[in-house]
Amino acid sequence: MKKIKNVLLVVMFFVAATVLGQTKLTGKVIDETGEPLPGASVVVKKTTNGTATDFDGKFQLNTKSNSGVIIVSFIGYVNKELAYTASKSNVGTIQLAPSNVLDEIVIIGKGVIDLAGGRKTPVAVSTIKAAEIQKKIGTQDITMTLVNTPSVYVAGQTGGFGDSRIAVRGFGQDNTAYLLNGQPINGMEDGKMYWSNWSGINDIAEAVQIQRGLGASKLAISSVGGTTNFVIKTTGKKEGGYVSGAIANNQYYKTTAFYNSGVNDKGFAASVMLSHWQGDGYMDGNKGEGQTYFISFGYKPNEKHNFNFLLTGAPQQHDQAFSEKIETYLEKGTRYNSNWGTYKGEYKTERRNFYHKPIANINWDFNINETSNLSTVLYASWGRGGGTGGRGKKIKTDSGNVDYDAIYAKNATALNGAGGLYAAGNGYATRASMNMHDWYGMVSNFEKELSDNLTFNFGVDLRTYHGKHYRTIADFQWFKILARKYSIIRPYNRRTS
């Protein structure tokens, strides 16, 4: 009995020593407006001991040392270090200051790009840096960078790579302005965004800034829902480069090579990037592949003038899937897609998006004096591509896929003396809806600081656009013959200036 008491006394001694040797840290983390920052990181310096703040911005952290330093951090804010002691375990309210992440980026056309970092705004703003972009995206498109951003809804729609949409505070994409280094990229005809056309932005983006809600803008654009600006790379100052590779599920892989020459003695610099990706997609029949190229030449002859030429594009093609009824997925599996099949054992699809929209622009920044500057950008983009779909009477297999063998056989028998068969809807073909356009524009802005609280801006926003739309037969040689004979091609042109 005496031995048991001795053992209990020893155990109680060590428990008491452990408790006395710990310091329980408490506090609260807030932003620059006084609102709590849930999810902020609190870590004891030079250790892995840490925690995160709760919904109210509060935290509790046990540390073995009686004194030390904690590091408080949150994405988009400057890290803060605070000393603590056992007698001062409640560190109180910690206010983090927003980091001006755009200071780290070489921005061309500052007078044209409407960045919140350069002015105060009552509109809610979020800025995502390049490192966070790569963490969020994975194998998806640039829209995924805005996931978990307040008041922003991103939907994938199961359609394939780049077939997503964004709603900002309930407004559709045609009521939200999207810019690429200050260049408007919403569709000129309908104001919408087709994100597969911009699949390469995630490779060249330095930051994404979204202003949620109506705010001041220097451009003639629809921005009731807000403004999203993709700040992309320009010619960098330092020499360097990298080669990277990535693999993921569903046979996805990607390779990227980047090189920056740095600025030489005469003020010239160049940056080049190439990448390739491909994968099978999540759904069956969702294959896709594409490339991204980026070329930038910079020239800074003196402190007053800065020139930059940029050319970038992302040719791609991806096969699409559409939503089915829940009972269909329960019966056929969650990866089921009815848009594809096989012909003589080879994969074929009736739904494929293919597009290439290269962009070129020349920026000129003129620092006139300490209070005046002029920024001008000349830009052009050329869209070439379209999307395919079925036309006529489709034949399906028992599994619900397209029966191309049966369709080919039927089309072949209908060739002799059956010129009107396609128009009657008895045959089947894959048509392609083509969208070609040429877009040229110029944006120039003169800014004059009249006082600390008053700035004068005068600008010009000019654009011209010519679009051409038509349909043509994309597959089945027999119907190509019929199409030429019976003019089954429907042209449509639209010009906007």
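Guide: There are 12 aromatic pairs in the structure. It is a predicted model, where local features need pLDDT of at least 70, side-chain atom pairs count only at pLDDT 80 or more, and totals for chains, interfaces and linings use all residues. Residues are numbered from 1 along each chain as its sequence is written, and side-chain values use heavy atoms, with hydrogens and water left out.

Visitor: Why is the pair of Trp382 and Tyr440 called edge-to-face?
Guide: Rings of Phe, Tyr and Trp (its six-membered ring) pair if their centres lie within 6.5 Å; planes under 30 degrees apart are stacked, over 60 edge-to-face, and the rest tilted. Trp382 and Tyr440 have 6.2 Å centre to centre and 75° between the planes, so they pair and are edge-to-face.

Visitor: What makes this a link between distant parts of the chain?
Guide: Trp382 is in strand E25 (residues 372-392) and Tyr440 in strand E27 (residues 428-451), 58 residues apart. Strands (E, at least two residues) and helices (H or I, at least four) are DSSP runs, numbered from the N terminus.

Visitor: Why is Trp382 called partly exposed?
Guide: Buried means under 20% relative accessible area, exposed over 50%, and partly exposed in between (1.4 Å probe, protein chains only). Trp382 has 27%, so it is partly exposed. Tyr440, at 40%, is partly exposed too.

Visitor: How do you know that Trp439 and Tyr465 are edge-to-face?
Guide: Their ring centres are 6.1 Å apart and their planes at 80°, so the pair is edge-to-face. Trp439 is in strand E27 and Tyr465 in strand E28 (residues 454-475), 26 residues apart. Both Trp439 and Tyr465 are buried.

Visitor: What makes Lys332 count as lying over the face of Tyr336?
Guide: A charge sits over a ring if NZ of Lys or CZ of Arg is within 6 Å of the ring centre and within 35 degrees of the ring normal. Lys332 lies over the face of Tyr336 at 5.5 Å from the ring centre. Arg335 lies over the face of Tyr282, also at 5.5 Å.

Visitor: What makes a group of residues a nonpolar core?
Guide: It is a set of buried Ala, Val, Leu, Ile, Met, Phe, Trp, Tyr and Cys residues joined through side-chain atoms within 4.5 Å. The largest has 28 residues, and those touching the most other members include Leu146, Tyr178 and Phe230. Strand E13 gives the most to this core, with three residues. A second, separate core of 16 residues includes Ala40 and Val44.
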